[in-house]
Amino acid sequence: MKSLPRFLFLLSLLGSAACAPSRAVAPQPSTAPSLAPSTPTSVPASPTPPASPSPSTPTAEPLYLTATVWSADPKAPVLAYHQFQEHGISGATRVRIDDFNQELQSLYDAGYVMVPLSAWLAGDLRVPAGKRPIVFTMDDLFYRNQIRFTADGSADPTTGLGASYAFSQAHPDFGFHWALFVNMGDHPYTDDPSNPNILADAMIWCLEHGALLYNHTLTHAVLSKTSPSGVTWELAANDKALNQALTNAGRPDLLSALGNIFAIPFGRWPRDPDSTSALESYKNPEGVPMQAIMDIDYIYRPRYMDAPYTPQFNRWDIMRMVASVSAVQYFVQHAADVPTAQSCRLGPLDPGKTSDSSYIAGLIDRAVESGACPQGIYATEHFVFRAQSSPAEVIYTVASNP
């Protein structure tokens, strides 16, 4: 085949280039694109940088109130311990430490938690959800089997209070709350003259750890044989000794922690009505009126402490059960007789109305009507309500002093 003339060859090349697909090329802008609105053509040489955005005001978290709800009127067992021992057989007033530790575990497993006696008497009936209340008391303080300390200052776990405190550290939800009824003149805590403050040290530790001190007469007196003036003297002399021990130890700040709850020694009540009146009308050195009188009995006549708003509650005769092994076993086996606490979250709250009973009652009504919370007895920090039907009603006001 003959070759084409040169000009025809060039024409064929030009024709094939015109038929080839062209490669698209993105246009290149002269400046980077801007998200700002268009501006006049004359732009300042050094534009002012935009102002930093002001920080947004944080939104306050809504407040809620958690109320304890009881499906039935709450009640609590009250145990009365005395002394402890490392060996031997547990009896009515002297419990072997190994048995005591087992009792604490069995009560914990049955759903009980310690509640302060003073709080219950004041009408503070709040208990964690799913738990049952129980009150621990101890008489005839101070013996060294009740509380003493190891070389590093820790509560000795071979003593009653020491074992209870150790258990509370392992089970914080069980708590450590005791009402201790003290006889300052009945027996010496120690005969060690090298440490004259050893009794005060025990008192201070107890007050700082939730074991509160109350009156049990100076000499563990038999009140059935005591005159009205003798009753007053026994209580006043015991309180004076308590106050003096704390003051001499440099802790007068703890005097306000000494309440005015009394436990009858031996369960022997005064026979003279005037002696009973002297007991009920007694005020401690801080001017606190008598808050309650505690009796004592054995488990073959089982009793519970009722809620203070109930008609059967009598703060001048609150029964305790001697804390024998059989008494503890009874309350474990009959745990279902003690109502279990529930809880209800109320709110959001108006922060200025947390102590307004009508406002809180309205919150309870809305929670019950919506089905979010059940009917029952509602215990809050300041009030106890009955929410059986709308509207909820205040049935008790929590006292600053019971």
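I began with two helices: helix 6 passes helix 7 in a right-handed crossing. A crossing is called right-handed if the near helix is turned clockwise from the far one by less than a right angle, and left-handed if anticlockwise. I noted that helices (H or I, at least four residues) and strands (E, at least two) are DSSP runs, numbered from the N terminus.

The model is predicted, so I noted that local features need pLDDT of at least 70 and side-chain atom pairs count only at pLDDT 80 or more, while totals for chains, interfaces and linings use all residues. Residues are numbered from 1 along each chain as its sequence is written, and side-chain values use heavy atoms, with hydrogens and water left out.

**Helix 6 and helix 7**

I looked up the angle next. The axes of helix 6 and helix 7 (residues 273–280) come within 8 Å and cross at roughly 25°. That makes helix 6 roughly parallel to helix 7. Axes are lines fitted to C-alpha atoms, for helices over the stretch in contact, and angles run from 0 to 180 degrees between N-to-C directions. Under 35 degrees counts as roughly parallel, over 145 as roughly antiparallel, 65 to 115 as roughly perpendicular, and the rest as oblique.

Which residues in helix 6 and helix 7 meet? From helix 6 I listed Pro 228, Val 231, Thr 232 and Leu 235, and from helix 7 Asp 274, Ser 275, Ala 278 and Leu 279. The residues of this contact divide into five nonpolar, two polar and one charged. Here Ala, Val, Leu, Ile, Met, Phe, Trp, Tyr, Cys and Pro count as nonpolar, Asp, Glu, Lys and Arg as charged, and the others, Gly among them, as polar. Contact means heavy atoms within 4.5 Å.

**Leu 258**

I found Leu 258 in the loop between helix 6 (228–248) and strand 10 (261–263). Is Leu 258 buried or exposed? Leu 258 is buried, with a relative accessible area of 5%; buried means under 20%, exposed over 50%, and partly exposed in between (1.4 Å probe, protein chains only). Not counting residues up to four places away in sequence, Leu 258 touches Leu 207, Leu 213, Leu 242, Asn 243, Leu 246, Asn 284 and Glu 286. Glu 286 is 28 residues from Leu 258 along the chain, and their C-alpha atoms are separated by 8.6 Å.

**Helix 5**

I checked helix 5 (residues 198–208) and found it mostly covered, with eight of its 11 residues buried. Among the buried ones are Met 203, Trp 205 and Leu 207. The buried residues pack against helix 4 (160–170), strand 8 (178–182), strand 9 (211–215) and helix 6. Gly 210 follows helix 5, and its phi is positive, near 95°.

I then traced an open sheet of five strands in the order 14-1-15-16-17, with antiparallel pairing. Two strands pair if DSSP finds at least two bridges between them. Strand 14 (342–346) and strand 17 (393–397) are the edge strands, each pairing on one side only. The twist averages 30° from one strand to the next.

Five bridges join strand 1 to strand 14, and Val 69 stands opposite Gln 342 in strand 14. Helix 9 (residues 357–369) packs on the sheet, touching strand 1, strand 14, strand 15, strand 16 and strand 17.

Three bridges join strand 1 (residues 65–70) to strand 15 (residues 376–379), where Thr 68 stands opposite Ala 379. Ala 379 also stands opposite Val 384 in strand 16. Strand 15 and strand 16 form a hairpin with three residues between them.
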